[in-house]
Amino acid sequence: MATEGTYYVPAQSKWPIIASIGLFLTLLGAGMMMNDMSAGVKDSSAHYVFYAGGLIMAWMLFGWFGNVIQESRAGLYSPQMDRTFRWGMFWFIFSEVMFFAALFGTLFYVRVLAVPWLAGEGEGAMTHEMLWPDFTASWPLMVNPDNDLFVGAADVVDPFHLPLLNTLLLVASSITLTLAHHALRANDRYKIKLWLILTLILGTAFLFFQVEEYIEAYNELGLTLSAGIYGSTFFLLTGFHGAHVTLGAIMLAVMLVRVYQGHFEADNHFAFEAASWYWHFVDVVWVGLFIFVYLI
Amino acid sequence: MTSVTDTASSLDQEHHHGPAKGLMRWVLTTNHKDIGSMYLWFSFIMFLTGGAMAMIIRAELFQPGLQIVEPAFFNQMTTMHGLIMVFGAVMPAFVGLANWMIPMMIGAPDMAMPRMNNWSFWILPFAAVMLVSTLFMEGGGPNFGWTFYAPLSTDYAPPSTTFFIFAIHMLGISSIMGAINIIATILNLRAPGMTMMKMPMFVWTWLITAYLLIAVMPVLAGAVTMMLMDIHFGTSFFNAGGGGDPVLFQHIFWFFGHPEVYIMILPSFGIVSAIIPAFARKPLFGYTSMVYATASIAFLSFIVWAHHMFTVGIPLIGELFFMYATMLIAVPTGVKIFNWVTTMFRGSMTFETPMLFSTAFVVLFTIGGFSGLMLSIAPADFQYHDTYFVVAHFHYVLVPGAIFAIYAACYYWLPKWTGYMYDETLAKVHFWMSFIGMNLTFFPMHFVGLAGMPRRIPDYALQFANFNEMASIGGFMFGTTQLLFLFIVIKCIRGGAKAEAKPWEGSEGLEWSVPSPAPYHTFTTPPDVK
């Protein structure tokens with residue numbers, strides 16, 4: 001532990017190289033699995049590579065974050081380090097915002113420009129004439145230009161059924177998380193646990209209903225990944241959102257474990273704040289999803 | 001910034017040491033100088049790899065007709081050359097320079113997150129292995145150009161595209177973490193008294209570059225993810241048959257791609273803004289306007305992307321908007337060029353190698369800027385699009401722009417890194433051979449391009465033969481000259497004339513206040529900046 005002034009320069013660490021190997025194997029395995037799947041390979045062993053990578057990543061995350069937590073609890077971090085973590089988390093979330101911006105941008109481009117053009121509007125007159133003269137635009141797009149290649153969905157998810165419930169669940173979880181944060185600031189350990197557990201229950205319920213919705217979409221509505229651009233954007237946006245909820249829930253679960261171990265002080269708990277920033281970000285994305293994917 | 005004090009903890013005795021020994025020093029390091037060096041070496045290896053591919057391209061184009069490689073392999077070479085140079089050579093070189101210099105320039109002991117810094121680096125070799133390995137896979141490597149337009153990169157792509165996509169993901173993760181680290185370092189670790197408007201231009205340009213990176217690398221991740229889903233999971237983002245649009249790919253790609261080309265040039269602006277004042281022995285003219293010009297260029301880079309797509313069929317109003325917005329960029333860029341020239345004006349100039357590269361940068365980058373202005377004119381672009389004129393344009397901004405600036409930086413700071421002066425004579429040979437070779441390679445491309453020679457094609461009409469022969473000879477000259485650079489650097493590391501703490505008479509900045517070579521840990525107690 002080298003402490004340079006009050007500035008903390010960590011000693012050599014094995015975690016970055018382990019993380020690089022883990023990331024490499026995970027993605028290599030994922031790529032091999034996908035290629036084998038698309039090529040119809042039956043006895044693929046690609047998933048072993050993927051699992052090996054995943055295990056290394058999990059080990060790395062435990063070890064690396066474990067180190068950081070130890071250092072933090074040993075009081076090695078200065079207010080400057082705290083600001084560094086804040087900047088780091090803030091700009092990480094900004095990069096996530098930009099990722100979702102690309103996905104929302106795709107949705108808007110398709111709805112506002114691409115589909116109407118295919119139906120002959122404005123610039124698309126000749127495209128329409130030459131390619132699919134029978135195609136008419138609508139959103140949700142139920143009949144695709146080439147409906148044999150991409151069979152359109154029979155129906156779309158009713159926004160006032162599961163999606164509305166999920167909206168309520170997720171907004172409520174943001175409120176309970178804020179209450180947990182207030183409890184932490186007041187150092188009321190019992191209430192922190194209570195509200196944090198409730199947040200996790202709400203988040204898990206959200207994920208449960210999201211899976212339920214996917215099963216319904218696939219089995220009853222014919223709304224699949226290959227149902228044309230509506231299905232593509234629907235699953236892209238809700239899927240990546242769901243993945244982020246999962247990650248946020250894992251973060252909050254770790255925070256809960258740490259609360260049980262007596263971590264965090266009323267005025268020093270940035271890990272908790274970072275996790276809650278992330279959770280609120282995921283919540284805001286959902287509100288955008290609910291409006292632009294389901295409602296309008 | 002006053003929170004950095006020099007109250008040493010009792011723990012630090014055993015750790016105020018030099019570097020660890022052996023290979024593991026580099027693998028496990030948290031030292032910004034070690035990591036900077038690794039970035040620079042990695043970048044140079046990739047530069048030679050991508051350069052070898054360029055040599056194959058120029059060898060094939062030496063004469064009309066097909067002589068050396070199959071057209072399919074030629075496509076893989078143009079694609080991989082571009083990808084490796086952009087993601088493997090130029091970007092890591094700038095991050096390496098940022099790692100080495102930013103902490104020393106702002107009086108910080110290290111980067112803000114040293115372990116994450118090491119991870120950012122170590123992802124790169126793995127990503128590079130994944131990317132290059134695609135060449136050896138069944139069906140060959142990526143063959144759709146470095147811009148990987150759908151549907152060439154989806155419906156008609158080789159299976160190795162999956163690994164190309166994951167390599168891009170890894171590079172993106174590395175870049176985002178690197179950018180976050182640089183932002184946190186600059187915002188949070190400046191020495192007392194180092195206000196934002198006192199920061200060296202290199203630090204400013206990197207701060208702005210880092211913002212560009214975190215804004216657009218996730219967008220690239222989104223683009224390749226949609227490609228991946230189109231390839232393997234039956235979606236139709238870029239397939240009009242399902243209601244998607246191949247043009248959508250181009251929009252997303254260039255929303256990333258245009259800021260990306262500025263990511264590769266803004267740090268260059270910072271470098272020459274340090275070197276020209278040093279060798280003109282005058283302070284930089286118009287520092288404040290330089291800062292604002294850089295920020296303006298960065299802002300404008302987000303609203304000009306469709307000028308890469310003038311011929312793809314976008315509405316007239318779009319063509320006009322993107323044409324005028326693109327032309328606007330000439331204003332802040334012009335501010336910068338005028339500031340550099342004015343800095344030189346009536347300076348007492350000497351032309352050591354860093355200054356030679358920087359002066360060439362100003363002149364040749366301006367040529368690249370002007371051909372960019374020509375390309376920005378939408379109706380004219382219908383003639384230029386996808387011709388060698390475009391190749392000439394972007395090589396004029398990238399080779400004498402990014403690469404020359406990186407060389408200038410290496411020569412300028414080599415004495416600080418190694419403690420020795422490099423061989424000035426050899427370095428000048430390196431400069432002149434690069435300068436002549438580069439111009440001989442790329443200047444004729446303007447002419448064949450305007451006459452209609454398409455890019456990315458292994459064969460061409462007979463009337464282009466002479467200019468292509470010239471370009472190939474220039475290319476071989478430029479390529480072999482870079483081995484001389486390797487020799488110069490190794491020679492400089494092994495010894496030579498001892499470098500003083502401040503080997504350049506006119507140079508300014510905190511990095512010259514520490515001895516040469518810079519100690520393993522610098523500014524463990526922050527300096528006071530007046």
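1. Domains of chain A. The model is predicted. Its chain A splits into domain 1, spanning 1-77, and domain 2, spanning 78-295. Between the C-alpha centres of domain 1 of chain A and domain 2 of chain A there are 25 Å.

2. Fold of chain B. Chain B has 16 helices and 0 strands. Its radius of gyration is 23 Å, close to the 24 Å given by the globule rule for 530 residues, so chain B is as compact as a globular protein of that length. Taken along the principal axes, the box filled by the C-alpha atoms of chain B is roughly 70 × 50 × 45 Å.

3. Packing of chain B. Buried residues make up 59% of the 530 in chain B. For contacts in chain B between residues at least 6 apart in sequence, 83% link residues that are at least 24 apart.

4. Contact between the chains. How many residues does the contact take from chain B and from chain A? Chain B gives 68 residues and chain A gives 65 residues. On the side of chain B that touches chain A, at least two residues come from each of α1 (23-28), α4 (114-133), α5 (161-188), α6 (201-232) and α7 (246-263) of chain B. The most is given by α5(B), with 11 residues.

5. Composition of that side. The residues of chain B on the side touching chain A comprise 38 nonpolar, 25 polar and 5 charged.

6. A remark on interface size. The size of an interface is often given as the accessible area lost when the parts come together. The contact here is described by residue counts, 68 residues from chain B and 65 residues from chain A.

Technical notes:
Residues numbered from 1 in each chain as written. Chains lettered and ligands numbered in written order. Predicted model: local features only at pLDDT ≥ 70, side-chain atom pairs only at ≥ 80, totals over all residues. Contact = placed C-beta atoms within 7 Å. Helix = DSSP H or I, 4+ residues; strand = E, 2+ residues; numbered from the N terminus. Nonpolar A, V, L, I, M, F, W, Y, C, P; charged D, E, K, R; others polar. Domains from an automatic or database assignment. Rg over C-alpha atoms; globule rule 2.2 N^0.38 Å. Buried ≥ 20, exposed ≤ 12 C-beta atoms within 10 Å, placed from the backbone.
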